[in-house]
Amino acid sequence: MKKILILVLFTIAVASFFYFDLGSQLTLANLKEQQAAFDGQYRAAPFLVIAIFFLVYVVTTAASLPGALILTLAAGALFGVVTGTIIVSFASSIGATIAFLSSRYLFRDAVKSRFGDRLKAIDNGVEKDGPFYLLTLRLVPVFPFFLINLLMGLTAIKARTFYIVSQIGMLLGTLVYVNAGTQLANIEQVGDIGSPGLLLSFAALGITPWIGKWIVARIKRRKVYAGYTKPKKYDRNLVVIGAGAAGLVSSYIAATVKAKVTLVEAGEMGGDCLNYGCVPSKALIKSAKVAQQMRHADAYGLQKTDPQYSFKAVMQRIHNVIADIAPHDSVERYTELGVDVVKGYAKIIDPWTVEIKRNDGETQRLTTRSIIVATGGAPFVPPLPGLDDVGYVTSDTLWEEFAKLDDIPKRMIILGGGPIGSELSQAFARLGSQVTQIERGSRLLSREDEDVSALAKAAQQASGVDVRTDHEALRCELVNGEKRLIVSADDKEQAIVFDALVIAVGRSARLSGFGLEELGIETGRTIVTDDILATSYPNIFAAGDVAGPYQFTHVASHQAWYASVNALFGQFRTFKADYRVIPWTTFIDPEIARVGLNEQEAREQDIAHEVTVYQMDELDRAIAESATQGFVKVLTPPGKDKILGVTIVGDHAGELLAEYVLAMKYKLGLNKILGTIHTYPTMAEANKYAAGEWKRAHAPQGLLRLVERYHSWMRG
Ligand SMILES: Cc1cc2nc3c(=O)[nH]c(=O)nc-3n(C[C@H](O)[C@H](O)[C@H](O)COP(=O)(O)OP(=O)(O)OC[C@H]3O[C@@H](n4cnc5c(N)ncnc54)[C@H](O)[C@@H]3O)c2cc1C
C-alpha cells in the first residue's frame, strides 16, 4: 500500500512538472531573463530564497525530474561560487539519496525475485567495489545523474556509503557548474560549459579511484612480501603441495602447458578420494547393495536369501578396487606426464621457497615462482570425553582397521547424519551390522529439502539403520569392557552400546604444520582466498578441500584449473573461479543428486520460484526395475523457461543429473530437454517427463480453447 502511495506521489510530481510545463521555466534563456528579478528577491529575503531553492533542488533530483543542471547554474548566478556550491552539494546529495532509497524501496524486491542469482553476483561485486564504481560515475558528469541514483538503489550498496561517495564524487562537477553559473551572461548554451577538454579532464579524474586502488594493491603486495628476498632465478614455475584431486589436476595442467612443476605428496598418491573417501566408500556401497538385493530377491521373482559372505573378502575387494584405480594417480603416470613427483612432507619456508622432507630421509629445497596449496582436509573428531578410552575410527582409518577384522562389527554407531555418515550407515547395515546413526539436528542431509531428508530417513530405516535424529552425543564410557555412547534426547540421557564407533561429523581443512602460520597466510575454516584462488600472497594459491567452500573431488579438480592457470599466467590474465553450477550426489540407495537451488535455499534467498515434480513411480523403466522410489524436482522462475536447480532422488540419480548440469551450464531450458529424444525405456526419461510436467502446467490455455473450437468447426 505504502509503495503504491509513493508511486502515486511520484507520478503526480512528474505529471505536474509536464502539465505546468515547468521544464520551459528551467531553461538557460529563462534563467538569464529572470536573473535580475531573482537577485532582487534574494537580497530582500536571503534565507527564505535559499530554503525554497534548496527544497526545489531536492524535489527535482529526488523525483528524477529534468532541470538539475539549470538549477546548478542558477545557484552560481544567484548565490555565488561558495554559497552556491554548498547549497547544491547538499541538496543534490540529499535528493539523490531520496531517489536511491525510493528506487530501493519500490523495486529492489521485485528485481531480486526476478533476477535473484544474477543480482547476487552484482551485489557481491558492489560489496567489494561498489564505492569505486559509484565514485567513478559521480566524478564523470556525463553519466546521467538520475539513472545512477535509480540503478544504485537496486543494488546492495549501503545508503550511507551512497550518500558520502555521492557528495564527494559530485563536488568537483558541482563546483565547475556553479562557477559557470556566476558567468551566466557569457554562456550561450549549456553545452558550452562541458568543453571536450573539460570532459576529458573529468574522465581522467574518473579513473583516479581505480589508479588509487591499483596503488593500494601494489602497496599491500609489497607489504606482504616485505622482509623476504625474492630469488633472482627459480628452480620451478610451480610447486604443488598435496597429490589429491586438486594437486593432481593442478600439476597435470602445469605439465601440459610445459611449465616445470613439482608435486609433493606426504601420504598416498590420489589423496582422500582414492584412498579413504569416494573410491572405498563406493566399493563398499556396491557390495552392500548386492547383499540387499539378495535379501529382497523375491521382488524380482527369485528366491530371497540371507547373504552369506566374508567381511574380510568385502574389505579385500575394497582394497583391490583402490589398487586397480591407483595407477591413474600414480607417481609413474605423473612422471610420464612431465610432473616431477616428490614423496615427502612439504613446508613453505618463504613465498618462493618450499622445503621437502623427503620420504627417503633427504631434505630438498626448491625455489618457485608460484605455489599451489592442495593439502585437503581431515575428519573432524569432536572432543567427546572418554573417546580415546573406547576407541573409534574415521574415514581415514576405518578401511585399514576394518580390513583386519574377520567379521563385521555386530553393533556399530555412526556419528553424523551428513552424506558420509549416511552412506556408511546404510552400507554397513545392509551388510548385517546393527547400525545406530546419531544426528544432532532434526533431520538427515540437512542441506537438502525436507521431503528429501524424509525419503533418506525412510531409506535408511528400510535398510535396517536405527536413525536417531535430535540426539546429541555427550560422552563415551567403558563399563565392564562394554563400550557405550551416552546421548541426550528430549533432555534425557541414554546409553547406546557398540562394538565400533565411526566418527563422520564433518571434515576440517588441513591448515597447520606446513608454513601457513609462519607466513601469516589468512585462514578461517579454510584458507582465505580471493576470486582467483590466490591467498594473501599473490603467488600462493589454494585449491580443493583446503580452499573450500565445497568438499567434493570434482570441485577440487575444477578449482585446480583456475589455481594453476592463474598461478602460471596471472600476469597476463586471471580467471575467477566459477561456482554457478556445482552438482553433487549422496550415494545412499536411492541416490540423491542435486545441482543449483533447492526449495529451502530459494526460500532463504527470497528467490521467486515454481516447483515441478515428476514421481519415479510413473516411469516405465523404474517400474520394470522395481525402483520406483524418488522423484525429479525442478525449480524454475515463475513463468520462465530457466532452470534454477534440480534435485533427483532415485536409482542412478547421480547419472541422471548430468543432463540438467549441462542444461544449466549452457543455459538450456526445459523446452530443450523436452525436445530431446531420450531412449525408451531408460531412467533418463524421467528428466524429459519432468520437463513435460512443467510444459503441461504452462500450456497456453486460451490458445488451446481456440484450437479446440477450430477442430470442432473442422468436424462440421
Ligand atoms: C568417506 C568419504 C567419501 C567421499 N565421497 C565423495 C564422493 O562420492 N564424491 C566426491 O566428490 N567427494 C567425496 N568425498 C570428498 C573427497 O574425497 C574430497 O573432496 C577430495 O578428496 C578433496 O581433494 P583434495 O585434493 O582437496 O584433498 P585430498 O584428497 O585430501 O588430498 C590432499 C593431499 O595432500 C597431502 N598433504 C597434506 N599436507 C601435505 C604436506 N604438507 N606435504 C605433502 N603432502 C601433503 C595429503 O597427504 C593428501 O594426500 C568423500 C570423502 C570421504 C571422506
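A cavity, on a 1 Å grid over the protein atoms alone, is a set of points where a 1.4 Å probe fits but cannot get out, and its lining residues have an atom within 4 Å of a point. The structure to explore is a predicted model, in which local features need pLDDT of at least 70 and side-chain atom pairs count only at pLDDT 80 or more, while totals for chains, interfaces and linings use all residues. Residues are numbered from 1 along each chain as its sequence is written, and side-chain values use heavy atoms, with hydrogens and water left out.

**Stop 1: the largest cavity**

Select Ile-285, Glu-423, Gln-426, Ala-427, Arg-430, Phe-587 and Ile-588, which line the largest cavity. The space inside is about 40 Å³, a volume being the space filled by probe spheres set on the points, with grid points joined across faces, edges and corners. Two cavities reach 30 Å³ or more. Colour helix H17 (residues 419-430) next: four residues of the lining come from this helix, the largest share. Helices here are DSSP runs of H or I, at least four residues, numbered from the N terminus. By class, the lining has four nonpolar residues, one polar and two charged. Nonpolar covers Ala, Val, Leu, Ile, Met, Phe, Trp, Tyr, Cys and Pro; charged covers Asp, Glu, Lys and Arg; the others, Gly among them, are polar.

**Stop 2: helix H12**

Buried residues (under 20% relative accessible area; exposed is over 50%, partly exposed in between; 1.4 Å probe, protein chains only) in H12 include Val-279, Leu-284, Ile-285 and Ala-288. Show the neighbours that the buried residues of H12 pack against, with contact meaning heavy atoms within 4.5 Å: helix H11 (271-275), helix H13 (311-325), helix H16 (398-403), H17 and helix H18 (450-462).

**Stop 3: the disulfide**

Select Cys-273 and Cys-278, whose sulfur atoms lie 2.2 Å apart. A disulfide is a pair of cysteine sulfur atoms within 2.5 Å, and the count comes to one. The S-S torsion is about -130 degrees, so this disulfide is left-handed. Cys-273 is buried at 18% relative accessible area, and Cys-278 is partly exposed at 28%.

**Stop 4: helix H26**

Finally, select residues 701-715, helix H26, with 21 Å between its end C-alpha atoms. Gly-716 follows H26, with a positive phi near 85 degrees.

Note on methods: Helix = DSSP H or I, 4+ residues; strand = E, 2+ residues; numbered from the N terminus. Expected span 1.5 Å × (residues − 1). 1 Å grid on protein atoms, 1.4 Å probe; cavity = no way out; pocket = protein on both sides within 12 Å on 5 of 7 lines; lining within 4 Å.
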